[in-house]
Amino acid sequence: VAGHALQSWTIEAWVRPDVGADGVVLQRKVFNTIPAVSTNAINYEIGVTPGPSGTVRPYVRYVGLATNGAPVEVRVNGLGPTEVVGGSQVTGLIPVEEWSHIAGAYDQDAHKLILFINGEQASYRLDAFAPWGLTGDVDAQVYDAYLTVGGGFGPGSVVENGFEGYIDDVAIAAGASDSATLARSLQIRSP
């Protein structure tokens, strides 16, 4: 899965979450293969957490490593203290038992992590610096990686944080897309 090691990226999927759904929709998790250093990181992930009645809250995140090897999570879900929230998706929520499109984009050069809902920017942050451990060169040399849809890759090769509901039309692209690009894409593809 080294070909999916991306420094700037866009990930997206159509989801139809069940009532009370939570879990990972798409994840690329990397594991350090050097025995002396036990670290895990997430190159990219989108998923949902429970929201107020009849809704779920989408998120996009990555987990890198600080220079001391400690995990550093960077997340956008419309609730973070450094996030800018706005547009017609200001609530940051999607309904359950209905199809919605969720996407996340990370621009490493601009330090920008963005959450999109139905092709529109819902929230973003401009302090999303890439922690050490998520560069393509390092990743290819010292990490094993697992790309999963519908849950994360857990210990013992079991699914963790499984998504409850339906997932369709998952896409991964190099580079950070904007609202206009995602909106054009949504006109062509739907579940």
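This is a predicted model: local features need pLDDT of at least 70, side-chain atom pairs count only at pLDDT 80 or more; totals for chains, interfaces and linings use all residues.
Strands here are DSSP runs of E with at least two residues, numbered from the N terminus. Residues are numbered from 1 along each chain as its sequence is written, and side-chain values use heavy atoms, leaving out hydrogens and water.

- T10 counts as buried because its relative accessibility is 2%, where buried means under 20% relative accessible area, exposed over 50%, and partly exposed in between (1.4 Å probe, protein chains only).
- The C-alpha atoms of T10 and D178 lie 9.1 Å apart in space, although 168 residues separate the two in sequence.

- Two strands pair if DSSP finds at least two bridges between them.
- Six strands make an open sheet, ordered β6-β10-β9-β8-β1-β14, with antiparallel pairing.
- β6 (84–85) and β14 (165–174) are at the edges with a single partner strand each, so one side of each has no neighbour in the sheet.
- Inside this order, β8 pairs with β9 (residues 112–117) in the antiparallel sense over six bridges, and D107 stands opposite K112 in β9.

**β4 and its partners**
- Strand β4 (residues 55–65) is mostly covered, with 11 of its 11 residues buried.
- One side of β4 carries T55, R57, Y59, R61, V63 and L65, the other V56, P58, V60, Y62 and G64, and all are buried.
- β3 (residues 40–50) runs antiparallel to β4 and is joined to it by seven bridges; here V48 faces P58.
- Four residues lie between the strands in the β3 and β4 hairpin, where G54 takes a positive phi near 80°.
- β5 (residues 71–76) is joined to β4 by six antiparallel bridges, with V72 as the bridge partner of G64.
- β7 is joined to β4 by two antiparallel bridges, and I94 in β7 is the bridge partner of V56.

**A negative patch**
- D18, D22, E97, E98 and E164 form a negative surface patch.
- Patch residues have over 30% relative accessible area and no salt bridge, and like charges are joined within 9 Å; a salt bridge is a side-chain nitrogen of Lys or Arg within 4 Å of a carboxyl oxygen of Asp or Glu.
- E97 sits in the loop between β7 (94–95) and β8 (100–107), and E97 is partly exposed because its relative accessible area is 45%.

Definitions and conventions:
Patches are made of residues with over 30% relative accessible area and no salt bridge: like charges are joined within 9 Å, nonpolar side chains (Val, Leu, Ile, Met, Phe, Trp, Tyr) within 5 Å. Accessible areas come from the Shrake-Rupley method with a 1.4 Å probe; for residues, only the protein chains shown count as cover. Lys and Arg count as positive and Asp and Glu as negative; His and the chain ends are not counted. The place of a charge is taken as NZ of Lys, CZ of Arg, CG of Asp or CD of Glu.
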